[in-house]
Amino acid sequence: MGTSVQVTPLCGVYNENPLSYLVSIDGFNFLIDCGWNDQFDTSLLQPLSRVASSVDAVLLSHPDTFHLGALPYAMKQLGLSAPIYATEPVYRLGLLTMYDQYLSRKQVSEFDLFTLDDIDSAFRDVTRLTYSQNHYMSGKGEGIVIAPLVAGHLLGGTTWRITKDGEDVIYAVDFNHRKERHLNGTVLESFVRPAVLITDAFNALNNQPSRRQRDQEFLDAIDKTVNVGGNVLLPVDTAGRVLELILTLEQHWTQKQLSTPIFFLSYVASSTVDYAKSFLEWMSDSIAKSFEHTRDNAFLLRKIKLVINKSGLEEVPGPKVVMASMASLEAGYSHDIFVEWAADPKNLVLFTERGQFGTLARILQSNPPPKAVKVTMSRRIPLVGEELAAYEEEQNRIKREEALKATLVKEEESKAPIGVEVITGDPMVIDANVTHASSNAAGPYSGAFKDVLIDGFVPPSSSVAPMFPFYDNTSEWDDFGEVINPDDYVIKDDNMEQSSMHVDGDLNGNLDEGSANLILDSTPSKVVSSELTVQVKCSLLYVDFEGRSDGRSIKSILAHVAPLKLVLVHGSAEATEHLKQHCLKQVCPHVYAPQLEETIDVTSDLCAYKVQLSEKLMSKVLFKKLGDYEIAWVDAEVGKTENGMISLLPLSGPAPPHKTVLVGDIKMSDFKQFLASKGVQVEFAGGALRCGEYVTIRKVGDASQKVGGAAIQQIVLEGPLSEEYYKIREYLYSHFYSL
């Protein structure tokens, strides 16, 4: 029986809602992605709330709100406490994304779903993995191996491979096979016949133009708007696809020597680019090679200015291009700028991704677009006059209540009986029941407090400890000096890091200065809101910079991977059903598209069993080293151990003969060089290797067909039986392992 696999969608099936799925591998529960939308709709998290306490591990695939936005809330309110795994960029950029979300909403509402401390707490213990790094689960997950692989959608974006007993469960959503300016394409095509593949149908109905055509349309629209004196607004995410847009605009402005100012505006703009500068090894090969050879960092920006508040824009008159978060236009600087610029026909709002369902961006992307939209304008203003006085009075009342409560607690402690229980190990607490030395005698205190000296002082009956006790902290010494405990210093470092985190908001104190000042601003304030009707006279355009494979590519990749079982999630009902029917005909007979909270069993049908190799058998096996592995031919009988486990035992009789098995592979070009070094005349002719006068070696079979990652090909040795033939055959055999 194969590894038991169950999949339960918690959000994001038959619609375009955020992604969150429970995947159970032999009873070990993975929560893969923990997304939320830009409206922070708590009703979407109800399915997660019912299973959060049973989650054993969390896997994050991308650093945007749709994949990890609910993590702080779930850990604070829903009882989620499992260890979290992600790549370093997903961890760092995801943290910045949540900071930007919080700060954007705190400026326009009394946002209380989570705080900056909740964000820090959720991300503090994330285990960071590198691409292709195998991580072995322990405890309940013993035997399960997880590994992040390149997805190609966002920086650090991950396709997760979960392996148990040789069977792969692949989670691959929002992947991109195209190589872009800052990212390589996905490695999903390298998998062949995984047991289960979980993927999305988000783009199943969309076909994309070529990258060159897309870029040309994008840049032409910007140039046209700027040339007539208009402004361009690009609503973008915080730290995801905006990186590709930054490189595109930086390159175009440099090549054309344009002078129109470009801005990247978000509460964490500087931190986002700083992290991008340090993540070059996670980016495309071209960026990594450029830095290796010329030390040129692609994100050392010369044309794009990073700003963290709108005042930086107002100082620059004339046409400008602004990339501002959020992409949904629900909050953030992009919302305010849209309201200001929408009424001018010369301006352009250029969308580079589809807006989330129900957001202002989605409404504006409808066909035809609306001529007017209603928006809510909110801002935070300081309290003045009677409101400020009432606020201060309330704060003073709270302080008085806290002071009174502290006084009552102190009085209760002072009235505590003499025989109060002492906290063991605290040198500042003395048990008054112990008989004290007389006023004329001084000596070490007995028991756990032998280092506390009392000279001429007897505590009054109302006190539980003498005043000003002395604790002699004796140290141990050896030949090299004082003996220290390294753990003491680790704790101190952690405390320092935690204190800096509360000041700056980032785990490394790497939040923008202006944002840090905003966090520390304790001026009493309130939010005022007003409803506005905005006339939409500006141009609206959508150019696909989402960085996802289109429908045609998805179908081709799925046919190549050919999973044994396929699970479709995240996509409109129409797209999901379309891809399901296609895959049933072209990919595999087992295709599932579960409903919300519907658990499907996708356990493999493979007849795989665990067997134990007995010690008697292993003592007779002769292993040969093959690369990083050791291989051997085994003849054995199947039996059972005392505990009922299947075991391989030595044969009771002589082993039957078997044909020689050659293990390994050979490159014809390498073998050609080897034969030449042995003095054999060799050359390629007609796709075969001509050796000497009469012997020919060729590979036959289809290299595109693979089993276990290796091509199905045979090596054919042709020629008359002669001394030359046997010599070349011996050379050929020497490149393989014979069993």
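**Helix packing and cysteines**

The crossing of α6 and α7 is right-handed. This is a predicted model. The whole structure holds zero disulfides.

**The α6/α7 pair**

- Helix α6 spans residues 211-227, and helix α7 spans residues 242-256.
- Their axes lie 12 Å apart and meet at an angle of about 60°.
- That angle makes α6 oblique to α7.
- On the α6 side, the contact uses Phe218, Leu219, Ile222 and Asp223.
- On the α7 side, Leu245, Thr248, Leu249, His252 and Trp253 take part.
- By class, this contact has six nonpolar, two polar and one charged residues.

**Threonine 248**

- Threonine 248 sits in helix α7.
- Its relative accessibility is 1%, so threonine 248 counts as buried, the cut-off being under 20%.
- Beyond its neighbours within four places in sequence, threonine 248 contacts Arg181, Phe218, Leu219 and Phe545.
- Of these, Phe218 and Leu219 belong to the α6 side of the helix contact.

**Cysteines**

- A disulfide is a covalent bond between the sulfur atoms of two cysteines.
- A search of the whole structure finds none.
- For cysteine 583, the closest cysteine sulfur is in cysteine 588, at 6.9 Å.
- A disulfide needs sulfur atoms within 2.5 Å, so this pair is too far apart for a bond.
- Cysteine 583 has a relative accessible area of 0%, so cysteine 583 is buried.
- Cysteine 538 is also buried, because its relative accessibility is 8%.

Notes:
Residues numbered from 1 in each chain as written. Predicted model: local features only at pLDDT ≥ 70, side-chain atom pairs only at ≥ 80, totals over all residues. Heavy atoms only, no water. Axes fitted to C-alpha atoms, helices over the stretch in contact; angles between N-to-C directions. Helix = DSSP H or I, 4+ residues; strand = E, 2+ residues; numbered from the N terminus. Parallel < 35°, antiparallel > 145°, perpendicular 65-115°, else oblique. Left-handed = near helix turned anticlockwise from the far one by under 90°. Contact = heavy atoms within 4.5 Å. Nonpolar A, V, L, I, M, F, W, Y, C, P; charged D, E, K, R; others polar. Buried < 20%, exposed > 50% of the residue type's maximum accessible area, 1.4 Å probe, protein only.
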